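Please look through the sequence and the model below before reading on. The paragraphs after it are meant to be followed with the structure in view.

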Amino acid sequence: MRGYGMILLINACVRQESRTKRLADHYLQRFNEPVTEVDLQKISFPLADEDFLSRRDRLCEEWRLDDPMFFLARQFASADRIVIAAPYWNLSFPAALQQYFEQICVRGITFMYNAEGIPQGLCRAQELVYITTTGRDPVPWDYGYGYVKALAESYFGIREVRLIQAAGLDMIGADTEAILAESIWQASSEERQRTKREQQKKTLTPVLVVIVFVIYLIGCVAVLMLAGWSPVLLMMAIPLVGMIAGIIYVLKERRAVPGSR
Ligand SMILES: Cc1cc2nc3c(=O)[nH]c(=O)nc-3n(C[C@H](O)[C@H](O)[C@H](O)COP(=O)(O)O)c2cc1C
């Protein structure tokens with residue numbers, strides 16, 4: 001069985017009969033694995049007032065990041081996959097989701113600033129899926145998904161942020177079930193294509209490596225026969241330098257990427 005690690009569902013749905021939650025449940029079925037759910041309706045968030053901010057800043061400065069105050073931030077940072085289910089409300093999402101973001105944006109846990117003051121993500125997840133439904137057709141500049149995408153990419157360092165949505169559910173004459181089914185079908189077919197592309201990449205990469213290596217070996221032998229050992233040694237040094245540069249690059253990347261702390 002394929003292991004997906006910790007799948008975190010941030011549930012910002014409010015209504016009992018939430019269509020957004022239905023979409024999210026459908027999406028999560030594909031993993032066939034337990035999901036850790038944070039139901040925002042069940043959390044009574046503290047007010048982010050001045051006392052709250054000073055306490056948080058003090059704890060961060062003293063590097064006391066294991067304080068219970070940061071539980072949600074630590075949980076978010078350590079998730080392997082993140083799914084946010086939030087209905088489209090007043091051009092964005094319910095306020096509880098913003099309160100949740102206020103709790104999890106913690107320096108040293110979900111992000112940090114580098115020497116130039118640019119945020120660097122510290123979250124393990126490489127993928128965030130934002131699931132929403134709207135009453136009307138969505139406006140092009142979307143403060144819901146658009147905002148979450150910007151936050152996830154620039155602060156949390158999550159490389160892939162995707163949207164699954166069913167739009168126009170409250171329009172007069174809208175066939176709600178058909179729109180939801182269409183959205184589920186589209187999400188599934190996109191997912192299938194992604195999986196196919198990933199598999200192709202996985203099989204193609206080692207084949208390409210072997211082909212390049214064989215060409216390189218043939219080149220070495222040809223040069224050896226035509227010009228002797230010295231140019232061959234030079235030819236061998238070039239990939240070695242390339243390999244060292246590659247390892248340094250990967251190590252540097254890992255340091256900037258969340259979850260590899
Ligand atoms: C408080 C509130 C604000 C809403 N604001 C918008 C809006 O700005 N644009 C829109 O298209 N639909 C809006 N809607 C409609 C919802 O997006 C739509 O009904 C959605 O499917 C609700 O999701 P749910 O079934 O998961 O609760 C709003 C609904 C509520 C209750």
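What follows goes from the domains to the sheet, then to a helix contact and the ligand.

This is a predicted model, in which local features need pLDDT of at least 70, side-chain atom pairs count only at pLDDT 80 or more, and totals for chains, interfaces and linings use all residues. Residues are numbered from 1 along each chain as its sequence is written.

The protein is divided into domain 1 (7-174) and domain 2 (199-256), with bounds that come from an automatic or database domain assignment. The centres of the two domains, taken over C-alpha atoms, are separated by 42 Å.

Strand β1 (residues 7-11) is joined to β2 by five bridges, and I10 has V38 as its bridge partner in β2.

Helix α3 (residues 71-78) packs against helix α4 (residues 95-104) at an angle of about 85°, with the axes 7 Å apart; these axes are lines fitted to C-alpha atoms over the stretch in contact, and angles run from 0 to 180 degrees between N-to-C directions.

Around the ligand there are 18 residues, of which S18, T20, P87, T133 and G135 come nearest, a residue being near if its C-beta atom, placed from the backbone, lies within 6 Å. Helix α1 (residues 19-29) gives the most to this shell, with three residues.

Terms used: Helices (H or I, at least four residues) and strands (E, at least two) are DSSP runs, numbered from the N terminus. Two strands pair if DSSP finds at least two bridges between them.
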